[in-house]
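I set out to record how the chains of this model meet.

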Protein chains: 2
Amino acid sequence: MPAPRAAIRLSMGSWYYETFENKTRYGVMIRDVLFSAKSDFQKIEILDTVHYGPVLVIDGIFMTGEKEEHFYHEMLVQPAMTTAAHMARVLIIGGGDGGTAREILRHSGVQSVVIVEIDPVVVEACRAHMPTLATAWSDPRLELIIGDGIAYVKRKDVGSFDIIFLDGCDPVGPSEGLFNAEFYADCKRLLTSDGVFALQTGSPILQQELFVDTMRTLKEIFQRVAPYFGPAPLYASDQWSWTLASDRHEHLAIVDERAKLVEKTARYYNRDIHRAAFAVPNNLKKILER
Amino acid sequence: MPAPRAAIRLSMGSWYYETFENKTRYGVMIRDVLFSAKSDFQKIEILDTVHYGPVLVIDGIFMTGEKEEHFYHEMLVQPAMTTAAHMARVLIIGGGDGGTAREILRHSGVQSVVIVEIDPVVVEACRAHMPTLATAWSDPRLELIIGDGIAYVKRKDVGSFDIIFLDGCDPVGPSEGLFNAEFYADCKRLLTSDGVFALQTGSPILQQELFVDTMRTLKEIFQRVAPYFGPAPLYASDQWSWTLASDRHEHLAIVDERAKLVEKTARYYNRDIHRAAFAVPNNLKKILER
């Protein structure tokens, strides 16, 4: 899908900004626009940036950049994968860039991964322009379903998956329905009784209210809700969070053999980082304990 | 010292940027310029920003903002203060904004704090415009020396201090001499044998080479060098680092009584965060173990 030239409003060698509520902004210097199109759902751009290499931008929000995506993808995926009771059947809601699937498929215990991504243009654009994220697509264990994740989790059978990853955007646009109790309850229904649900839960600093709300909603559905934290350089200037939600998953019961395998190539994740990530900043701890 | 109007080139309601090597930049929307002057050493501005309140900027680099300074100051100070064998006599090199002194003086075991700050204009500007950082100045245990930290540590007696904090800028301009083996050796000479030297050591992501070099230099002088990590929202878009260097300090031997006192008011620091912060990202771990 070639980019219609009219959609490109950027000049080369210029700054591209993501602006947070007209308060702060983060800019990257771009060399080129590799892809730009409006899909049925959103505006999708891939920018060639000086610092991060190719960067996926959706509706003006930085999603992932080749030189820093490991922070986000390793941390979304590996804490669940190194501790899950079972990992044979894995579901990803979203994740069309391929990075989450790549991290999951490092594990030989995985028999099948289903990705349910609503927007085929994201998949095509990233496959074409972000090769380091694309290694999973040739793996025969991976099945891509283009469709609505919300509808998918409603119709699948109880106990279909050992682990579910929610790799969505922020809760606006097509991702809005991915951040509520009904959707979480559907995910729980799809999981085996010792399954685990892993999701990105936004910035605990810039989006503190949303983060706290998400924790409360998850606690309505799951017995155990364990948020964890780490850097995500492309996502505004602070800290990012992910969460493991389950009824009986032990989020610190790391299987050393799995973690050692990951540590061979991981750039951010290791067992020390895994354990450390679950430490909760003091102000959030007080709010969450209320 | 009123700001000469000619020095103010910013219009209100505009973006102010710190740019990293023409690759990335971070911008804050400003409401007003509270202070702007050239001192004998550097350009000092205090901007009233929509997101962070008053922000200190030195030579175009964001230093500290009222609504996020706790990340930096708590993490520079409290890991050393909650674990130090002794804390009666404390030295700060730099730290003219007052935040580091404020954190140190939370502890009743501190008998004296000497700040050696080279630039009186930083002290005056912050006292006038950043009141939450200024609480330490009225504490009778605090002594401010306007002077060169490098010269000061050369002339002071062996074993003069229990803890030394280096709260400097990045290693350019007047701070350049604060990042080398000679200066570190002088600091070590000033410390008691079980003393500890705590310093900010830059971004381990954006400034990875500098970070690794600093670790190597510190290891030439000190037996134990323990870097630790955390968010610093105003400092580019990633992670920040600090380091405890000593000959026999135990950086995880937290004195619960001290930490509990800090946790009452701390916004980021607590004992879980303290222990977690010393986990080293996988790529850095491999580099540092070489």
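How many residues of chain A are in contact with chain B, and how many of chain B with chain A? I counted 34 residues of chain A in contact with 35 of chain B, contact meaning C-beta atoms, placed from the backbone, within 7 Å.

I note that the model is predicted: local features need pLDDT of at least 70, side-chain atom pairs count only at pLDDT 80 or more, and totals for chains, interfaces and linings use all residues. Residues are numbered from 1 along each chain as its sequence is written, with chains lettered from A and ligands numbered from 1 in the order in which they are written.

**Entry: interface.** I looked up which elements of chain A give two or more residues to the side touching chain B, and found β2 (24–38), α8 (271–277) and α9 (282–289). Helices (H or I, at least four residues) and strands (E, at least two) are DSSP runs, numbered from the N terminus. β2(A) gives the most, with six residues.

**Entry: strand pairing.** I found β2(A) paired with β2(B) (residues 24–38) in the antiparallel sense over five bridges; pairing requires at least two DSSP bridges. A:Tyr26 has B:Tyr26 as its bridge partner in β2(B).

Entry: Of the contact residues of chain A, 100% recur in chain B.

Entry: I noted that the contact of α5(B) with α6(B) includes B:Tyr184 of α5(B) and B:Leu218 of α6(B).

Notes: Contact = placed C-beta atoms within 7 Å.
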